[in-house]
Amino acid sequence: MSHRSPLRPFVLSLAMVLALTGCAANGPTASVTEPAPDTHGEIAGAEELAEPALGLTSIDAQGQVSHLDLLDETTVELGAVRAPRAVHSDGRYLFAIDETGVSVVDSGVWTWDHVDHFHYYRAEARVLGDVEGAGAATVATSNSSTTGGTGVFFPESGDAVLLDTEALSKGRLVESFRLSREPGPGMVVPAGSFAAVAAGDEVTLHTADGATTGEPVACEAAAGTLTTRVGAIIGCQDGALLIHVEDERPVVERIPYPDGVNAPRATTFANREGRLRVAALAGDAGIWMLDTRARTWTLLPVPEPVVQVTAVDDADANVLALTPDGRVLVLDGETGAIRAASVPLVGASLAAGDPVTLVADQQRAYLNGPAEGRLWEIDFADNSRLAREFETASAPVFFAETGR
């Protein structure tokens, strides 16, 4: 049965600070004081944990930020940011966006991907400050929460900004570059130590200091971006661009939509953090599945209308989808068949036009209902079972699963 837990202020737990196996040193793990030559995502003052410190970091309509620890179900208030129009997250940082800038929140918990295993860390959670700009920005992040860059594009001014992610991890907002483009839609997409700037139907490549490298690449009406284990993708009218780094140089590959398949293009991509395959709505025609390793698109049929999708990209090829009446469907990623469905959860929020977010990790999915004043944890592998239900003191208009 579902479990309701009120969100109450708390001090972040310091439990579970244990020794790691694998590439970690033997013996108890102390606080990090200096980065090692191979830092494994460590920063000064961070503590290495034996398992991920997963949480739900949420922002309400007034900009109040709170963090729910999913281990002990306690919460802490982190402060206030601008009242957001949208929120983007990379699993550690939250970027609260309005018409005049972006507020940056560090949840203080993250996972460092070491390819064949992972490291887990916790540091101080805090509001870092603001990046000023004109127009509701598009924010793009990489898979690293301690290195590389974070891209911010302001549509009204055309300012293309790359933030230094290493500086973010030390509590500082540092702009690696701020370039001027024509006002309008656009994005800054980090790729390793480089960044791609999409604006005006083309993509240009830049080093971390803003210098142009390589030739521009055509991308009509760029919309949607995500970083996978293979590289960063940018949605274009005719398919997607895949940007990755080879021999310390950025490489751009075009992945066109398949011939003879007539469906609306993908404009918003979602998946389990860093995985190879991503999902996107294809209008009423189904779901686009993009495999960044195989460089292929597949149009997945769906038995009923859906309004939001995300690819779990696990051994069972699960795809999660949200229906207009607020149910969570577990779909077969190969056939589109329904494997399981929850009861209606966020129908009132969807009917009111509230921002509803569905995110997934390897085992659970999380869903917010601003109108319902709830956050849900769903065990999608167990017949879409409601594992836990959290009643919130204020409506969680935006949230992110952090620590993953």
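Phe269 counts as buried, at 7% relative accessibility (buried is under 20% relative accessible area, exposed over 50% and partly exposed in between, with a 1.4 Å probe and protein chains only). This is a predicted model, where local features need pLDDT of at least 70 and side-chain atom pairs pLDDT 80 or more, while totals for chains, interfaces and linings use all residues. Residues are numbered from 1 along each chain as its sequence is written, and side-chain values use heavy atoms, leaving out hydrogens and water.

Phe269 pairs with Trp297: the ring centres are 6.4 Å apart and the planes sit at 40°, so this one is tilted. For the cut-offs, rings of Phe, Tyr and Trp (its six-membered ring) pair if their centres lie within 6.5 Å; planes under 30 degrees apart are stacked, over 60 edge-to-face, and the rest tilted. The pair ties together distant parts of the chain, 28 residues apart, with Phe269 in the loop between strand S22 (249-256) and strand S23 (277-281) and Trp297 in strand S25 (residues 296-300). Trp297 is buried too, with a relative accessible area of 7%.

## Other rings

The structure holds 6 aromatic pairs. Another of them is Tyr93 with Phe95, centres 6.3 Å apart and planes at 50°, so it is tilted as well. Both Tyr93 and Phe95 are buried.

Then there's Arg92, whose charged end sits over the ring of Trp110, 3.6 Å from its centre. To count, NZ of Lys or CZ of Arg has to be within 6 Å of the ring centre and within 35 degrees of the ring normal.

## The whole chain

The chain comes to 2 helices and 34 strands, taken as DSSP runs numbered from the N terminus (helices H or I, at least four residues; strands E, at least two). Buried residues make up 54% of its 404 residues. Of the contacts with a separation of 6 or more, 49% are between residues 24 or more positions apart, a contact being heavy atoms within 4.5 Å.

The largest nonpolar core has 17 residues, and Leu320, Leu345, Val346, Leu367, Trp376 and Ile378 touch the most other members. Such a core is a set of buried Ala, Val, Leu, Ile, Met, Phe, Trp, Tyr and Cys residues joined through side-chain atoms within 4.5 Å. Strands S27 (318-322), S28 (328-332), S30 (358-360), S31 (365-369) and S32 (374-379) each give two or more residues to this core. A second, separate core of 15 residues includes Ala140, Ala191, Leu205 and Cys219.

Not counting residues up to four places away in sequence, Leu367 touches, among others, Leu322, Val328, Val356, Arg374 and Phe399.

Cys219 and Cys236 form a disulfide with sulfur atoms 2.1 Å apart (the cut-off is within 2.5 Å). The link is left-handed, with -105° about the S-S bond. Cys219 lies in the loop between strand S18 (212-218) and strand S19 (225-227), and Cys236 in strand S20 (residues 232-236), 17 residues apart. Relative accessible area is 1% for Cys219 and 0% for Cys236.

## Two positive phi angles

Asp201 isn't a glycine, yet its phi is positive, about 65°. Asp201 sits in the loop between strand S16 (194-199) and strand S17 (202-206), partly exposed at 45% relative accessible area.

Ser384 also has a positive phi, near 55°, and lies in the loop between S32 and strand S33 (385-391). Ser384 counts as buried, at 4% relative accessibility.
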